[in-house]
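Here is a friendly walk through one protein model, written for someone who likes to know which cut-offs stand behind each word. Take a look at the structure first, and then we can go through some of its parts together.

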Amino acid sequence: MSCEAVPLSVARVRILELPYSADKVYDYLIPSELLGRVKRGSIVSVSFGGAQRTGVRRSAIVTAVLGSSEYEKLKPILAVADERFSLSEELLGLCDFLRERTFCSTGEAVQTILPGGAYASLFRARRDPVERYYRVACDTSVTRLGAAEKRAAIFIADGERSASELAKEASVSYATLKNMVVKGILSVRECEVIRNPYRGRGKVADSNILSDEQEAARKTLSSLATSNKACAALLYGVTGSGKTRVIKSVIDSVIEGGRSVIVLVPEISLTGQTVDLFCGFFGERVAVIHSSLSDGEKLDTWKRIRAHEVDVVIGTRSAIFAPLDNLGMIVIDEEQEHTYKSDMNPKYHTRDIARYRAAKNNALMLLASATPSLESFYRAKEEIYTLVTLNERYGSAVLPEVKIADLRVDSTKGQITPIGDVLREELSKNLKNNEQSILFVSRRGYNNFISCLKCGEVVTCPNCSVSLTYHREYDGDILKCHYCGYTQTVPEICPKCQSEHMSRKGFGTQLVAEELHALFPEAKILRLDADSTTAKFSHEAILSQFRSHEADILIGTQMVTKGHNFPDVTLVGVINADSALYLDDFRASERTFALLTQVIGRAGRADKPGRAVIQTYSPDNETINLATKQDYTGFYSSAIKLRRQLQFPPFCEFVLLGVHGEDEKEVLELTLKLDTKLREYTSGEYSDLPMYIFGPFEAPIYKVNNVFRMRIIIKCQVTKRMRELIGKLLADFPKASAKAAISVDVNPASL
Ligand SMILES: [Zn+2]
Ligand SMILES: [Zn+2]
């Protein structure tokens, strides 16, 4: 062995396209031309499997750079990706964290962290879009120039101008400009174009006068955020208490200290106002990240952040992976929302990623909500999080007066309309006073389903085990599946017994809109649901129409319940509060409470007092009654008692082992094998782990888009040893196919 210093010429990598069970480290040689460019965190291209030439080209991430390898005859690294897409030490650690906690592969973790467009095109030759900027290169007598050249020269006289400006404002063609460069009249500079669809949103005047209560909250949170210690806080504030103002002022102090901030919102289309607000406050130093950006826009946002052009990133859950250095604070607004839990691999909860990043950056994780999740409020009560409370509604706004309308009374009168007497009266009062109303309907479509009056057959989707929803379209009526998108014509006779008596049951947004048109023909009505907002930014269009009072009534699904501030809305109505309540899930009452509280909070936010009408068949229900009083702490104390009795979260955790696939027989066989193996482990090697195993049983919706779904639920504490058991179990069943595959969901959003 030589005693000279060995050049670091071996890269230890993880191949990105391999499944969890084959996700191991491999060594590759760094060829001399790539020495120094291949670093820990670099994404590289390698040949994998088979001989040098027969192997498949794969992407891989470098986890270490070494002087030598214990293996011989290493294959060389073929290429290294743009350095801007290599992962920092922190994000690399996050890959390991995701793999260990969510049982995803390294590839799935890296794909989640990198922006959407990057991964697929890392090694593809790509020309970044450029803009050309022209300036005058020499003094030229204007008389010698052609007409177009003259226009260009005059336009450019006072400095640099871009090609697109010249084309648009001086009607000079690109060819003319090129020619002028050739002649030496102009010089040209190329500059990469960074797309930012949120650029130039109006700057908001910052009238940051805080009430005493808000100022106290700001002080506490600012001192936590600038303490340079990893910590967590819960900002619990009733609707209308000005949480956003407080958060904004805390962000100011973090940025002043030279650090950056991530602000997460549950869904971009529902929080347009918040996004606009932040874009206005922080101008060009904001980046917005969400799934409806184009791949190019996502890529450019990543580049801007890596180039340190951004202090504040605002976005949905994927924004938690923004490559900001030196994070000072991560805000999770409406932290109870289920959209913070990813439903695809890796099935992470944003809160867990935020906790990880806050710890690595000595930053503050700030959760904010009017209706915090029971888990978070419990942690605040246990002083794991600092609890900061806002009790007062800001300004002169008061809580709305709430009426519970008993639908049983209407139905005994033989009424089958979704709008009962109480609600109808309040609506007509509002129309008379030229004030606006919002109606919340839990389902979209016209009717919920159609069934046969004779044999009871419900028309279901051929691909999914769910009923089809009746929709009324411009060109006729159809049945639609809300899970797979399948559509069919409405059958006139029962497909099972050929009876002609098919009946439509339940009501969706379309039917409610039609009823309202019939009841109040003069009223202008807008509908906001997934069917009316398929076009990009159509949400915003509908909402801004309503805000500028171009309509009297807004009907919608839960899209209408979130964060919007409509000063002229004095009435909100909930068509049926029970529909969310009887879902078969331990979080059902928590969700109903949050939903009703949010809906009620939409009424009377400015100087006009608000009213709310909650229609229900169970007017004595405790959750509904507490929500009408906006009594979160009352709800919390009774709900947490129940959770403790039943040993449900936060007093335990759940692991959901799923088996899914297109071949029903194989799915069932694999489920049985998995169950047998699990019980073998838990009665043997892992008998020390306390847990309950439920199942195997069918998922609540057994078939979705022709995929069959079985599950086993484990109630336990997800300790390191528990994770080891699950890892072993997965290693025992390495083969995944479209016919049957195993998935793991730690702490699923619902059971
Ligand atoms: Zn029938
Ligand atoms: Zn379907």
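Helix H8 is mostly covered, with ten of its 14 residues buried; here buried stands for under 20% relative accessible area, exposed for over 50%, and partly exposed for what lies in between, using a 1.4 Å probe and protein chains only. Before going further, a word on the ground rules: this is a predicted model, in which local features need pLDDT of at least 70 and side-chain atom pairs count only at pLDDT 80 or more, while totals for chains, interfaces and linings use all residues. Residues are numbered from 1 along each chain as its sequence is written, chains are lettered from A and ligands numbered from 1 in the order in which they are written, and side-chain values use heavy atoms, with hydrogens and water left out.

Among the buried residues of H8 are Lys243, Val246, Ile247 and Lys248. The helix covers residues 243–256, and its end C-alpha atoms are 20 Å apart, which agrees with the 20 Å that 14 residues should span at 1.5 Å a residue; the expected span is 1.5 Å times one less than the number of residues. Helices (H or I, at least four residues) and strands (E, at least two) are DSSP runs, numbered from the N terminus. Just after H8, Gly258 takes a positive phi of about 85°.

For a contrast in accessibility, turn to Ala120, which is in helix H3 (residues 116–120). Ala120 is exposed, with a relative accessible area of 55%. Its C-alpha lies 9.8 Å from that of Ser59, although Ala120 and Ser59 are 61 residues apart in sequence.

**The two zinc sites**

Which residues hold the zinc ions? The table sets out the protein donors. Donors are N, O and S atoms within 2.8 Å of the metal (3.2 Å for Na, K and Ca), and because water is not among the atoms, sites may look incomplete.

| Ion | Donors | Distance | Spacing |
|---|---|---|---|
| Zinc ion (ligand 1) | Cys452 (SG), Cys455 (SG), Cys494 (SG), Cys497 (SG) | 2.3 Å | C-x2-C-x38-C-x2-C |
| Zinc ion (ligand 2) | Cys461 (SG), Cys464 (SG), Cys481 (SG), Cys484 (SG) | 2.3 to 2.4 Å | C-x2-C-x16-C-x2-C |

What geometry does the site of the zinc ion (ligand 2) have? The site is tetrahedral, with angles of 104 to 113° among its four donor atoms. Around the zinc ion (ligand 1), the four donor atoms subtend angles of 107 to 112°, which makes that arrangement tetrahedral. Four donors count as tetrahedral if all angles lie between 85 and 135 degrees. The ideal angle for four tetrahedral donors is 109.5 degrees.

**Covered strands**

Strand S12 (residues 312–315) has both faces covered: Val312 and Ile314 on one side and Val313 and Gly315 on the other are all buried. Two strands pair if DSSP finds at least two bridges between them. Strand S10 (residues 260–264) runs parallel to S12 and is joined to it by four bridges, with Val263 opposite Ile314. Strand S11 (residues 286–289) is likewise parallel to S12, over four bridges, and there Ile289 has Gly315 as its bridge partner.

Strand S17 (residues 436–440) has five of its five residues buried, so the strand is largely enclosed by the rest of the structure. S17 pairs in the parallel sense with strand S25 (residues 569–574) over five bridges and with strand S24 (residues 553–556) over four. Ile438 stands opposite Val572 in S25 and opposite Leu554 in S24.

**An open sheet**

Four strands form an open sheet in the order S28-S29-S27-S30, with antiparallel pairing. Strand S28 (692–704) and strand S30 (741–746) stand at the edges, each with a single partner strand, so one side of each is left without a neighbour in the sheet. S28 and strand S29 (residues 707–716) pair over seven bridges, and Phe697 stands opposite Arg711 in S29.

Key
Four donors count as tetrahedral if all angles lie between 85 and 135 degrees; four count as square planar and six as octahedral if opposite donors are over 155 degrees apart and all others between 65 and 115; anything else is irregular.
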